[in-house]
Amino acid sequence: MTGSRVLGSGSALPSRVVTNAELAARVDTSDEWIVERTGIRQRHIAGEGETTSSLATAAARAALDDAGIEASDIDLIILATATPDNTFPASATKVQHALGCNGGIAFDVHAVCSGFLYALTTADSLLATGSASRALVIGAETFSRILDWEDRTTCVLFGDGAGAVVLEAPDAANPASKGGPGVLASRLHADGAQHDLLFVDGGPSTTQTVGHLRMKGREVFRHAVANLSSVLYEVIEDAGISAEDIDWIVPHQANKRILDATAKKLGIAPEKVIVTVDSHANTSAASVPLAFDVARRDGRIKSGDLVMFEAMGGGFTWGASLVRI
Ligand code: ACO
């Protein structure tokens with residue numbers, strides 16, 4: 001058990017909202033098709049001057065405020081993103097500088113839509129070993145910049161945004177394993193054989209271009225439900241709980257049908273699933289911390305609740321973490 005505790009959360013969205021009707025004016029699609037197949041009604045799209053690091057910094061500031069701590073208290077920043085400001089240096093270092101807490105550890109994690117789970121698990125491990133004492137774990141993306149806006153099969157699915165949590169090293173006096181707050185169990189997986197089902201057709205070492213997102217949607221859907229169900233069972237077993245003990249599932253927001261199918265497979269009531277895909281669409285690594293922050297701020301997720309985070313994305317990569325808040 002690792003056991004790092006969530007002290008606070010924050011999120012940030014670009015101000016510009018793009019509705020399905022606006023997309024239907026650009027590509028051959030309709031509000032009806034998008035809502036029926038995905039549950040998405042709108043998405044936020046970054047404007048000029050808004051970048052992955054600026055959204056990440058805004059989310060981080062909100063999380064620090066919520067936790068009631070100063071940026072100078074942070075000695076680890078992990079930013080999950082597949083759309084960094086630049087190929088290098090890591091956007092996490094830009095966030096660190098913007099927050100004014102230079103000197104600690106800062107790096108990006110790239111696991112696409114599962115990025116937040118990879119970042120959370122990595123931060124939890126570093127905090128548990130004493131390498132750092134307080135971390136900002138951020139998911140931030142500007143997927144609008146890697147979409148092919150003429151491809152109706154992908155451009156309707158994604159949006160931009162950022163979410164962040166502040167994590168603190170485990171409390172030896174009140175450990176998560178004995179009922180205190182903290183990370184109870186986490187599992188991560190990857191299967192590189194599925195690389196070509198969801199990828200970007202560009203990059204510095206191949207085409208020297210940024211490229212566009214390409215996806216075989218139907219096959220991704222099939223793998224998503226199977227992989228997510230199995231990793232959720234693993235974490236439930238590792239933590240020694242049963243599915244009914246979970247108060248909330250905060251899933252990666254890819255598609256309402258994936259959320260419904262996964263909850264049904266686990267026998268979890270739909271009311272326990274936090275859903276933001278309708279208003280944010282799929283914000284990749286940002287979607288889990290964004291949805292978590294929405295549900296904490298509207299009062300659904302409270303201290304003491306048992307929350308399951310889960311995600312799957314390109315690679316494929318997938319993972320889940322069970323945390324007592
Ligand atoms: N508007 C109208 N019609 C469309 C659109 C659109 N935006 N996109 C596709 N279509 C058409 C297709 O061309 C096809 O037409 P055809 O039958 O004449 O060939 C028809 O709709 C059905 O297409 P499918 O791809 O079979 O539709 P499906 O029911 O599988 O829904 C979707 C597509 C929404 C992409 C679904 O497969 C899905 O959600 N997959 C998961 C993908 C995903 O969420 N990826 C995100 C990253 S990974 C992750 O986060 C888990």
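**The shell around the ligand**

Analyst: Sorted by class, the shell around the ligand holds eleven nonpolar, eight polar and three charged residues. Keep in mind as you look that this is a predicted model. In total, 22 residues surround the ligand, and the closest are Thr29, Gly217, Phe221, Ala254 and Asn255. Which elements supply this shell? Those that give two or more residues are helix H2 (31–38), H6, helix H7 (217–239) and E12. H7 gives the most, with five residues.

Now step back to the two domains. The protein is divided into domain 1 (5–168) and domain 2 (176–324). Both domains give residues to the shell around the ligand, so the ligand lies between them. Their centres, taken over C-alpha atoms, are separated by 15 Å. Where the domains meet, 45 residues of domain 1 are in contact with 46 residues of domain 2. On the domain 1 side, the elements that give two or more residues include strand E1 (5–12), helix H5 (115–128), helix H6 (152–155) and strand E7 (160–168). The largest share of that side comes from H5, with seven residues. By class, the side of domain 1 that touches domain 2 has 20 nonpolar, 18 polar and seven charged residues.

E12 leads us from the ligand shell into a sheet. Four strands form this open sheet in the order E8-E13-E12-E11, with mixed pairing. Its edge strands are strand E8 (182–190) and strand E11 (248–251), each of which pairs on one side only. From one strand to the next, the twist averages 15°. Strand E12 (residues 306–313) pairs with E11 in the parallel sense over four bridges.

Back in domain 1, E1 and E7 are both among the elements on the side that touches domain 2. Is E1 enclosed or open? Seven of its eight residues are buried, so E1 is largely enclosed by the rest of the structure.

To come back to your ligand, then: it lies between domain 1 and domain 2, since both give residues to its shell, and H7 gives the most to that shell.

Technical notes:
Residues numbered from 1 in each chain as written. Predicted model: local features only at pLDDT ≥ 70, side-chain atom pairs only at ≥ 80, totals over all residues. Domains from an automatic or database assignment. Contact = placed C-beta atoms within 7 Å. Nonpolar A, V, L, I, M, F, W, Y, C, P; charged D, E, K, R; others polar. Pairing = 2+ DSSP bridges. Axes fitted to C-alpha atoms, helices over the stretch in contact; angles between N-to-C directions. Buried ≥ 20, exposed ≤ 12 C-beta atoms within 10 Å, placed from the backbone. Near = placed C-beta within 6 Å.
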